[in-house]
Amino acid sequence: MPTTDPSEGTDVTTTTAPRRRILVVTPDTLGELMAGPAIRAWEIAKALSAVGDVRLISTNRVTDISDERFHVAFADDEGLRAHVDWAEVLVFQGHILRSHPWIKATDTMIVADIYDPMHLEQLEQGKDLSPEERVAVAIDTVEVLNDQLERADFLVCASEKQRDFWLGQLAGLARINPATYDRDPSLRSLLDIAPFGVQNEPPVLKRHGIKGTVPGIGPDDKVIVWGGGIYNWFDPLTLIEAVAIARRAHPDLRLFFLGAAHPNPNIPTMRMAVQARERADALGLTGETVFFNESWVPYADRADYLLDADLGVSTHYEHLETAFSFRTRILDYLWASLPIISTDGDTFAPIIRDNDLGRVVPPEDVEALAAAIEELLYDADARERIGANIAAYAQEHTWEHTLRPLVAYCADPTPAPDRVAGIVSERTRVTNDLHKRIRGLESSSSWRLTRPLRAASEWVSAKRRKL
């Protein structure tokens, strides 16, 4: 609506921007129990509700959860079509384009949320597969991401280091071209940064989630929290061994793994989670010093656990996934003003080191980790200093701040200029031409007439392979 400012006798008229129709889609479970992808989609929907009418859709499962600011629902493929037809802008993560490829042909403006380099993560996650399956899944994951990078009108990632990585992949797909470059030589209008954030509202303890509640953990014990799942790319083994050393001088030390069971039923228990339990059992720590939460903490209740801890930890191995990761659990540590111990090599290591938010230790260094644990749990002066640093740092990294580039785009969305101009990579042009030729061949009369012969030939070939 136009508004008039009569100050100083001058009429100044402004126009309120129209509210956009924005669809946020996640393949993760939405509900009281949510993992990182669902949490991110939830917070994105909250932020975008300031500039648009928002629908948050899960293609997996939705349990009892709602918000008056936006619509929350489950949708299968048919239901998703109606939501995409309604939307001006689609924000998605994960395998959505692969699972619903028809989305690529719509006119809806698409934002790809590529905060998770899945193809690097898969190199570790896939180690439990057979060699053939591992290669197939790794290559398929690359193509899942290429689909997103080729079709998206706008993309967001988690850090400057990630952005450099994704720019390289975009260049390889010819998305860095005269059309996108001439519009904006910085390419920020194509790919910007919108990392995980710290919750806008401060945490409040409603009940004790750990101390005096978990059998074996007393109200005065010192608690280290592992804030999330135990995945193959993490290193809980070095942590458990370090705790075994530190407890010799400090019998009140406890380690609590917050999420031993994933809320998404499609995510299996990983090899590292099994090995962590085996290591704790072998050292005689399970149930006395090391504890595994057998469920997943509801998102709305996680403050009851974080505020019951004295130290947050994230340990991992030295590999490619680590280099480009953005450990979202560390944001929860910042939210709860917990001193942090992290393994060196990831995005957060220099942040922790430069801002004195905790301690950074070398990968797989049990002695260094044990020393850091002892210092941050039992040195009162260090804890007080670090706590103040964390509180100051966290204020500038709330969701309200981190999602600004995404909110700005969705408030005034535009299609990517190269997509409008029809610019595609040679790889895509050849693929499209091949698909066109195949469709023409399959619709020909000769293809239909020779179908029985092809079926017989395939049957004979199958029999020969079996023999």
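Analyst: A residue is called buried when its relative accessible area is under 20%. The model discussed here is a predicted one.

User: Why is serine 342 called buried?

Analyst: Serine 342 has a relative accessible area of 0%. The cut-off is under 20%, so serine 342 counts as buried. Serine 342 is found in strand E14.

User: Which residues is serine 342 in contact with, leaving aside its neighbours within four places in sequence?

Analyst: Contact requires heavy atoms within 4.5 Å. With those neighbours left aside, serine 342 is in contact with Ser314, His316, Ile330, Ile352, Arg359, Val360 and Val361.

User: What makes both faces of strand E13 covered?

Analyst: Strand E13 spans residues 311-314. Leu311 and Val313 lie on one side, Gly312 and Ser314 on the other, and all of them are buried.

User: How do you know that E13 pairs with strand E10 and with strand E14?

Analyst: Pairing requires at least two bridges between two strands. Strand E10 (residues 222-226) is joined to E13 by 3 bridges, and they run parallel. Likewise, 3 bridges join E13 to strand E14 (residues 340-343), again in parallel. Both pairs therefore meet the rule of at least two bridges. In detail, isoleucine 224 has leucine 311 of E13 as its bridge partner, while valine 313 has isoleucine 341 of E14.

User: What makes strands E5 and E9 the edges of their sheet?

Analyst: The sheet in question is open and has 7 strands in the order E5-E4-E3-E6-E7-E8-E9, with parallel pairing. Strand E5 (71-74) and strand E9 (191-193) each have a single partner strand, so one side of each is left without a neighbour in the sheet. From one strand to the next, the twist averages 20°.

User: Which strands does helix H6 lie across?

Analyst: Helix H6 (residues 160-172) lies across strand E8 (154-157) and E9, and runs at about 165° to E9.

User: What is known of the second largest pocket?

Analyst: The second largest pocket has a volume of about 590 Å³. Of its 21 lining residues, Lys104, Glu150, Val424, Thr428 and Asn432 are the closest to its centre. Helix H5 (131-151), helix H18 (417-421) and helix H19 (426-442) are the elements that give two or more residues to this lining. The largest share, 5 residues, comes from H19. The lining divides into 6 nonpolar, 6 polar and 9 charged residues.

User: How many helices and strands does the protein have?

Analyst: There are 21 helices and 15 strands. Of the 467 residues in the protein, 50% are buried.

How values were computed: Residues are numbered from 1 along each chain as its sequence is written. This is a predicted model: local features need pLDDT of at least 70, side-chain atom pairs count only at pLDDT 80 or more; totals for chains, interfaces and linings use all residues. Side-chain values use heavy atoms; hydrogens and water are left out. Buried means under 20% relative accessible area, exposed over 50%, partly exposed in between (1.4 Å probe, protein chains only). Helices (H or I, at least four residues) and strands (E, at least two) are DSSP runs, numbered from the N terminus. Axes are lines fitted to C-alpha atoms, for helices over the stretch in contact, and angles run from 0 to 180 degrees between N-to-C directions. On a 1 Å grid over the protein atoms alone, a cavity is a set of points where a 1.4 Å probe fits but cannot get out, and a pocket is an open set with protein on both sides within 12 Å along at least five of seven lines; lining residues have an atom within 4 Å of a point. Grid points are joined across faces, edges and corners, and a volume is the space filled by probe spheres set on the points. Ala, Val, Leu, Ile, Met, Phe, Trp, Tyr, Cys and Pro count as nonpolar, Asp, Glu, Lys and Arg as charged, and the others, Gly among them, as polar.
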